[in-house]
Amino acid sequence: MTAATTKTQQEQWMVENQVFQIFDLFADLPRNAKSALVELQRDNHLEYLTKGLKRLDPSFCVLDANRPWLCYWILHSIALLGDYVEHEVEDNVVDFLSRCQDPNGGYGGGPGQLPHLATTYAAVNALITVGGERSLSSINRWSVMFEVSHFCNSAYWSHFEPNDMDSEIFCREKVYMFLKRMKQPSGAFRMHDAGEIDVRACYTAISVASVLNILDDELIQNVGDYILSCQTYEGGISGEPGAEAHGGYTFCGFATMILINEVNRLDLAGLLDWVAFRQGREGGFQGRTNKLVDSCYSFWQGGAFALLQRLHAILDEQLVNYSPQTGVASDISGGEESSDGVDDKTCHFKLGGTNASCPVNLNSIGYNFVKQPGEMEALYHRWALQQYILLCAQDMKGGLKDKPGKHRDFYHTCYSLSGLSLSQHSWSQDEDTPPLPNAVMGPYANLLERTHPLFNVVLDQYYEAHEFFDTP
């Protein structure tokens, strides 16, 4: 007597059947037809994305509180494809996001909406992607006028000219105060006033602070403790303590621990084990154990591998101390003093630390991290992932989707392309070495721009922003 199948099993078999039918048809095609099917439909994707940036269908009203995200998903996808939008559209984006800013710092989902860490992250990344002085200096520009006029009477204000104040630093202080308001005693962050506390909030806050050069010891205090409390027995990271490990939260927690210089406190051996088993027979990744494949995890799970590639020394050390009886690495990261008198918790990353014997500039970690060469190959099947994205997630008319049978959307377009970029460039030893042709499935014209694995903005735009904000 066989046990009854569950709904989860039935859905999994249905997806596998759809995917394998596509793969079987592909395998039987002549060589020239195969090349056409795995070609990235760059022009169609750009047309789909550009139209979405200019005008959306009325059905998008349900995303009214996510408009900075739409800007980011679309602009980042266009940048990954190596293109850009017209100057007029760029100006419109900058003006719109400026209207989404709260006078006291942070960005809401639309003009006049409550500031939220997620939409602050999306808005900042979108403005970095647009690039240029007008876009980068616009961050919290309107709050300068509002706050000064609110706290200073007109007679006092009339003595000052606009250039009398370093408006850029003042603007970023507004963002900093918003981040501090969201900071919780546990070390975590709240997404918005009276909002939820989770690992997403930690990542979006720390990412924004890092890229704007305002990250400091006060913001990172106890963040690592909170994220450690979210790493589960499986090895992945959950959204909050006691919840289930999830691909999105795993990336967010992992990236945050790197940016605060405490990544060696994580059980990286366990994390690697968990994320490696999230790649399914279809070639794509699932977000949680026993869930269906979803192309967005090409970045969220694939991004974790991109981070692990640059943590070879720490991972090796943990694997040496890995206990097969307990399934976890022994405690080598408690921040105890090592034999040479140096605090391991702060000096693990070879980027320095926070004590006098091992100084570190927290705001340079993201820059130095991406400058490091990948010391080992990515520990997942990159070719299988690229095949899933190109054959199963790509809409030939433009845009990408979750899986066969689903509809295209901007979210899956963004994160499918982001994961595809990481996969293509994972063969490169350093940022200046272009991938070899055999690293790119399909024609070499499929090659996308390189994205920063911690912030997920195209690398050239990240460097411009890093230089722009590289002031005290």
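Predicted model: local features only at pLDDT ≥ 70, side-chain atom pairs only at ≥ 80, totals over all residues.

**Rings and charges**

Mentor: Ring pairs join Trp69, Tyr72, Trp73, Tyr121, Tyr203, Phe251, Phe299, Trp300, Tyr411 and Tyr415 into a cluster. Numbering starts from 1 along each chain as its sequence is written, and side-chain values use heavy atoms, leaving out hydrogens and water.

Trainee: What pLDDT does the chain average?

Mentor: The average is 86, and 84% of the residues score at least 70.

Trainee: Why is the pair of tyrosine 203 and phenylalanine 251 called edge-to-face?

Mentor: Rings of Phe, Tyr and Trp (its six-membered ring) pair if their centres lie within 6.5 Å; planes under 30 degrees apart are stacked, over 60 edge-to-face, the rest tilted. Here the centres are 5.7 Å apart and the planes make 75°, so the pair is edge-to-face. Tyrosine 203 sits in helix α11 (residues 199-211) and phenylalanine 251 in helix α14 (residues 247-259), 48 residues apart.

Trainee: What makes tyrosine 203 buried?

Mentor: Buried means under 20% relative accessible area (exposed is over 50%, partly exposed in between; 1.4 Å probe, protein chains only). Tyrosine 203 has 2%, so it's buried. Phenylalanine 251, at 0%, is buried too.

Trainee: And why does arginine 382 count as lying over the face of tryptophan 427?

Mentor: The rule wants NZ of Lys or CZ of Arg within 6 Å of the ring centre and within 35 degrees of the ring normal. Arginine 382 lies over that face at 3.8 Å from the ring centre.

Technical notes
pLDDT = per-residue confidence, 0-100. Helix = DSSP H or I, 4+ residues; strand = E, 2+ residues; numbered from the N terminus.
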